[in-house]
Amino acid sequence: MNISELENLLKENLEEKTKEFKRIFHGRGNLYEGYSFLTIDSIDKLLFVVFFEEIEKKREEELFKLLNSIYEEYSFECLVLQRRYLNGGENEVLKGVLPREAVAWENGLKYQLNFSNKNIGYFADMKNGREFISSVCEGKNVLNLFSYTCAFSVAAINAGAKQVVNVDMAKNALNTGRENHRINSLDSKKVKFLPFNILKSWSKIRKFAPYDIIIIDPPSFQKGSFAASKDYRKIIKKLDELAAENCIVLSCLNAPELDSSFIKELFHEEASSFRFIRKIDNLSTFPTNEEERSLKNLVFQKA
């Protein structure tokens with residue numbers, strides 16, 4: 001792919017630009033030769049660019065020239081660059097002024113963003129997963145494991161869930177989760193925020209069981225706390241004692257080295273009362289040349 005082809009693709013993806021979050025270029029799926037280092041997002045009036053690798057200066061200047069053109073043509077008001085290959089993944093405002101309260105819009109709901117962090121507080125690729133939970137959660141008791149900033153909880157409460165129990169050991173992320181419910185005028189009385197290490201807190205989590213819906217969305221690897229390859233099994237082992245009759249589980253995995261069969265085998269070995277229902281399609285705006293190395297959202301139901 002050359003710079004002109006990238007420009008054409010960006011303009012094509014911006015044809016129906018709205019305030020909703022949209023990935024307008026996804027190089028991480030390795031479909032575009034020479035651009036696997038790059039992602040570009042349209043976030044209302046904010047253009048967010050991420051470099052996953054360092055590139056040569058001349059090429060960087062060529063890319064910045066294109067980004068400046070896109071910025072002007074589509075009336076963006078802020079351009080942020082994250083150099084994710086650096087230790088802190090620093091975010092730098094290249095043009096405009098960063099909004100005091102930046103948010104990502106998804107299906108009419110707002111999610112607070114924090115550009116002082118490498119992970120800005122919102123994972124856009126999980127949109128179809130949140131839509132699925134919204135479609136099945138009305139009147140249900142929902143457990144949201146590894147809740148991070150509680151985007152699943154916001155979607156579920158908005159769709160009529162009876163209760164959502166969010167569990168994550170990161171207190172700051174849960175505080176953002178509380179704020180996400182507040183800015184969407186959602187009833188926080190229906191929401192629990194538990195700042196626990198999940199693997200050490202099953203008795204506290206069981207307190208609000210049985211759960212009609214369980215969401216498992218862990219990091220693929222978090223030093224000192226979770227590694228999907230060895231710790232995911234510990235979660236699956238606990239499902240039977242947490243699940244209500246006909247419980248639905250959304251099991252998520254974003255580790256490129258582990259495919260869907262890894263999760264299916266864990267359910268077969270550790271939670272055989274659950275049957276596999278389907279895999280949720282990923283967003284078309286996150287194209288890839290190898291689906292099993294990207295996000296995997298698998299749905300199971302207790303039989």
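**Reading burial and helix packing**

A: Let us begin with a single residue in this predicted model. Val-191 counts as buried because its relative accessibility is 7%, and the cut-off for buried is under 20%.

Q: Where does Val-191 lie, and which residues does Val-191 touch beyond its neighbours within four places in sequence?

A: Val-191 belongs to strand E10, residues 191-194. Leaving aside neighbours within four places in sequence, Val-191 is in contact with Ser-153, Ile-157, Val-164, Asn-166 and His-181. Ser-153 is 38 residues from Val-191 along the chain, and their C-alpha atoms are separated by 7.8 Å.

Q: Is Asn-13 buried or exposed?

A: Asn-13 counts as buried, because its relative accessibility is 18% and the limit is 20%. Asn-13 is part of helix H1, residues 3-13. Not counting residues up to four places away in sequence, Asn-13 touches Lys-22 and Ile-24.

Q: Which residues make the contact between H7 and H9?

A: From H7 come Ala-228, Ser-229, Tyr-232, Arg-233, Ile-236 and Lys-237, while H9 supplies Phe-262, Ile-263, Leu-266, Phe-267, Glu-269 and Glu-270. Sorted by class, the contact of H7 with H9 has seven nonpolar, one polar and four charged residues.

Q: Which residues of H7 are buried, and how are they placed around the axis?

A: As a general idea, an α-helix has 3.6 residues a turn, so residues three or four places apart point the same way. In H7, the buried residues are Ala-228, Asp-231, Tyr-232, Ile-235 and Ile-236. These residues lie on the same side of H7, because they cover an arc of only 155 degrees around the axis.

Q: How do the axes of helix H3 and helix H4 cross, and which residues meet there?

A: The axes of H3 (residues 127-136) and H4 (residues 151-158) come within 8 Å and cross at roughly 35 degrees. H3 passes H4 in a right-handed crossing. Gly-129, Arg-130, Ile-133 and Ser-134 of H3 meet Ala-151, Phe-152, Ala-155 and Ala-156 of H4. By class, the contact of H3 with H4 comprises five nonpolar, two polar and one charged.

Methods
Residues numbered from 1 in each chain as written. Predicted model: local features only at pLDDT ≥ 70, side-chain atom pairs only at ≥ 80, totals over all residues. Heavy atoms only, no water. Contact = heavy atoms within 4.5 Å. Helix = DSSP H or I, 4+ residues; strand = E, 2+ residues; numbered from the N terminus. Nonpolar A, V, L, I, M, F, W, Y, C, P; charged D, E, K, R; others polar. Buried < 20%, exposed > 50% of the residue type's maximum accessible area, 1.4 Å probe, protein only. Arc of directions from axis to C-beta. Axes fitted to C-alpha atoms, helices over the stretch in contact; angles between N-to-C directions. Left-handed = near helix turned anticlockwise from the far one by under 90°.
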